[in-house]
Amino acid sequence: MTASEQRKKRIERSITVRSRSIYALSSWREMTFLLLPRAALVASLCILPLVLGMYWQRVFCAAAIYAMLALAFDFLAQFVGLVCLGLSMFIGLGGYISGGLNHYWGWPIWLSIPAASLAGAVLGTLALVPCLRLRGVYFAIISFMLPLFLVSLIIATSILGSTEGISSLDNLPNIWIEQYLIIGALLLVLFGFRRLVTEDFGVILQGIKDNDQAVKASGIDITAYRIKAVFLAACIGSFCGAYLSHLYGWLGLSMFAMDFSILPIAATVMGGMGTLAGPVIGAFILTPLSEGLRGFGQLRVVLYSLLLLGFILYKPEGILNYLERKYFQFERWEKV
Amino acid sequence: MEIIIYGAVNSMVFMLVASGFALVYGVSRIPNFAHGAIYVLVGFLAWSFLNDLKLPYALAILLSLLVSALLGVLIYRFVLMRLRGMPTSEIIASFAVSLVILEGLRLQGIAGFKGFIGPFYSLPPFLDAKVKIAGVFLDWQRLFILGLGSLVLLAIYLFTHYSKAGLKLRAIAQDEQAAMMLGINSDRAAMMSLALGSALAGTAAILILPLGNLAVEQGYHVLIRALAVCIVGGLGSWAGTIIASLVLGYSVILSTKLFGGVWESVVLVGTIIVILLLKPSGLMGKQKELEERV
C-alpha cells in the first residue's frame with residue numbers, strides 16, 4: 001500500500017462538539033476546555049512582567065505595542081478589506097501629538113496620551129478619507145505614502161524638532177505602570193475586537209469586504225462604516241505612538257520608520273490572518289527575535305520581510321489556525 | 001523658458017518612472033510595490049558592473065537591464081503567481097519583496113558585502129557636456145532623458161498596438177476572462193508584463209540616475225512618484241499616465257522654483273488628495289470607473 005492511497009481525515013473531538021452550544025455551561029470540563037486557551041494567554045501576559053529582567057521588560061512593552069498594531073492591521077485587512085501599509089503613520093501622529101503637548105504646553109501624561117490617541121485618530125482618519133470611497137488598492141497605496149509624506153513635511157517645515165526629534169519628555173511613573181498599562185490596553189483591544197466582529201457592526205463590515213454593492217443596495221452607507229473602522233484602528237495606533245513616546249521619553253522621525261509598518265504585518269501573517277489572537281502571538285514571537293538581532297541593523301527589516309514571504313507562500317494559515325486545528329480536531333490516516 | 005524646458009524633462013522623468021508600474025498594474029492588476037526597489041537595484045547593479053567588474057558602460061547597462069527583466073519574471077513566478085486572486089496577499093507580498101530588496105542593499109558585513117550606504121555612488125552621465133537651448137543651459141543627460149524617453153514611450157505604443165505579444169497584453173488588460181477564452185495565457189501575460197515593467201524601471205534608472213547620487217531612499221521616492229502619477233491619471237490608463245506626468249512634472253518644477261525642493265512630496269500628496277476628492281477615478285480613469293468606485 002502506497003501513501004497515495006491513504007488520505008488524512010480530520011474529525012472534531014467530541015468535546016469540541018459538546019462545548020459548542022449553550023450546554024457547555026452545564027459541565028466544568030467543557031467550560032475548562034473553552035476557557036483554557038484564553039486564560040492561558042491572559043495569564044501568561046500578566047505573569048511575564050513579573051519574571052522578566054529589566055531589559056526584557058522594555059522588550060515586552062515593545063512587543064505589546066507591536067501586538068496592538070498587528071491587531072489593528074488584522075482588523076482592517078481581514079474584517080474591513082483595507083490593507084494598511086503605513087501603520088507607522090498612526091504611531092508617528094500619536095507620538096508627535098502627545099510629545100508635542102507634553103513638551104510645549106506641559107500637559108501631564110494622563111491627559112496627553114488620551115488626547116493624542118483621539119487627535120491622532122481624527123487626523124489619521126481625515127487623511128485616509130479621500131480613498132475610502134474607492135475600492136481596490138487605493139487604500140494600500142495612500143496609506144503607504146502618508147508616513148513618508150509626513151516625514152518630509154516635518155523636515156520641510158522644520159517644526160517639532162525636525163530631524164533631531166524632541167527629548168526629555170515626561171516618562172511614565174514606573175516600570176510596572178508602563179507594563180500593566182499596555183497589557184491592559186492590549187487585552188481590551190483583543191477581546192474588544194473579538195466581540196466587535198461578531199456584533200452587527202462587524203457583520204456589516206464583513207459584508208462590505210465581501211460584496212460592497214449588496215451592502216449598499218441594503219441602504220447602508222458603506223463609506224461611513226469604513227470611516228468608523230479606520231477611526232478605531234487609527235485610535236489604537238495613535239495610542240501606541242503616544243505611549244511609545246513617553247516610554248522612551250523621546251520622539252523623532254524614526255517613529256515613522258518601516259519597522260512599525262512591516263513587523264505588525266509579518267506578525268499577522270505569521271500568527272494567522274483573520275484570527276485576531278494570532279497576530280498577538282506572532283508579535284510576541286517576532287519582537288524578541290528581532291531584539292536578539294539588534295546588532296545587525298537593517299537585517300531585521302529584511303528578516304521580517306523574508307519571514308512574511310515564507311509564511312504567506314508556504315504556510316498561509318499561520319500558527320494559530322494550526323494550533324486551533326490540533327486543539328479542536330484529531331486526525332487519522334484512512335484508506336481510500 | 002527655463003521652467004518650460006526643465007518641466008518637460010521632469011515630466012518625462014515622471015513618465016518613465018510611472019510607465020512600468022502602470023504597465024504591470026494594467027495587465028495583471030497587481031500593484032507592484034517592488035517597482036522602486038528594482039529601480040534602485042538596477043542602479044547599483046550597473047554601478048557594480050562598471051566599477052567592480054570594470055565592464056564597459058554600454059555592456060553594464062545592457063546586463064543590468066537583463067537582470068531586472070529576469071528579476072521581474074522570478075518575482076512573478078515564485079511569489080505573486082501563488083497568490084493570484086487574493087488581493088490582500090498580493091499587496092503584502094509585493095511590499096515585502098520591495099523591502100527585502102531595498103533594505104537588503106543596506107546590509108553590511110555579510111560575505112564581504114559592504115552595503116550601499118553613503119554618498120559615493122553615482123553613475124556617470126552618457127556625455128558630460130552642456131548645450132544652450134533657447135537661452136537655457138541644459139546638460140546632455142537631460143536631453144537624453146527627453147529623447148530616449150520619448151523613444152521608449154513610442155516603442156511601448158508600437159509594441160502594444162502592432163505586435164502579437166503586445167496585443168495579448170492589451171486583451172488581458174481589457175477583459176481577462178474573454179482573453180483567456182481566446183487562448184491567451186493569463187499567467188504568461190502577467191509574467192511578461194512584470195518583466196517589461198521591471199525593464200522599464202531599469203531603463204528609467206539608467207537614464208535618470210546619472211543626474212544625481214544613488215541612494216537606497218530613492219527607492220521609496222521613486223515609488224511615490226510612480227504611484228502619484230498612476231493615481232492622478234487613473235490607474236490602468238495610458239493617456240491618463242501621460243497627462244498626469246505632465247501635470248505633476250510641471251507643478252513640481254514650479255513648486256521647487258518658488259519654495260524649494262523639499263516640498264515635492266507635499267505637492268504630490270496634495271494633488272492626489274485633490275484628485276481623489278474631485279474625481280476619484282483619476283483624470284482619465286473612465287474605463288475602470290465602475291470597477292473602482294463603490
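1. Let's start with how chain B holds together over its sequence. Among its contacts between residues at least 6 apart in sequence, 72% join residues at least 24 apart. Two residues are in contact here if their C-beta atoms, placed from the backbone, lie within 7 Å. Please keep in mind that this is a predicted model, in which local features need pLDDT of at least 70, side-chain atom pairs count only at pLDDT 80 or more, and totals for chains, interfaces and linings use all residues. Residues are numbered from 1 along each chain as its sequence is written, while chains are lettered from A and ligands numbered from 1 in the order in which they are written.

2. What is chain B built from? It has twelve helices and two strands, in the order α-α-α-α-β-β-α-α-α-α-α-α-α-α. Helices (H or I, at least four residues) and strands (E, at least two) are DSSP runs, numbered from the N terminus. Of the 294 residues in chain B, 48% count as buried. A buried residue has 20 or more other C-beta atoms within 10 Å of its own, an exposed one 12 or fewer, and a partly exposed one a number in between, with C-beta atoms placed from the backbone.

3. B:Leu138 and B:Glu2 are 136 residues apart in sequence, but their C-alpha atoms are 9.4 Å apart in space. B:Leu138 has 17 other C-beta atoms within 10 Å, so it is partly exposed.

4. Now to chain A and helix α10 (residues 222–248). Of the 27 residues in α10(A), 20 are buried. Just after this helix, A:Gly249 has a positive phi of about 65 degrees.

5. Where do residues other than glycine take a positive phi? One of them is A:Leu276, with phi near 65 degrees, in the loop between α11 (258–271) and α12 (277–292) of chain A. A:Leu276 is buried because 25 other C-beta atoms lie within 10 Å. Another is B:Arg29, whose phi is near 60 degrees; B:Arg29 sits in the loop between α1 (2–28) and α2 (35–51) of chain B. With 20 C-beta neighbours inside 10 Å, B:Arg29 also counts as buried. For background, most residues other than glycine have a negative phi.
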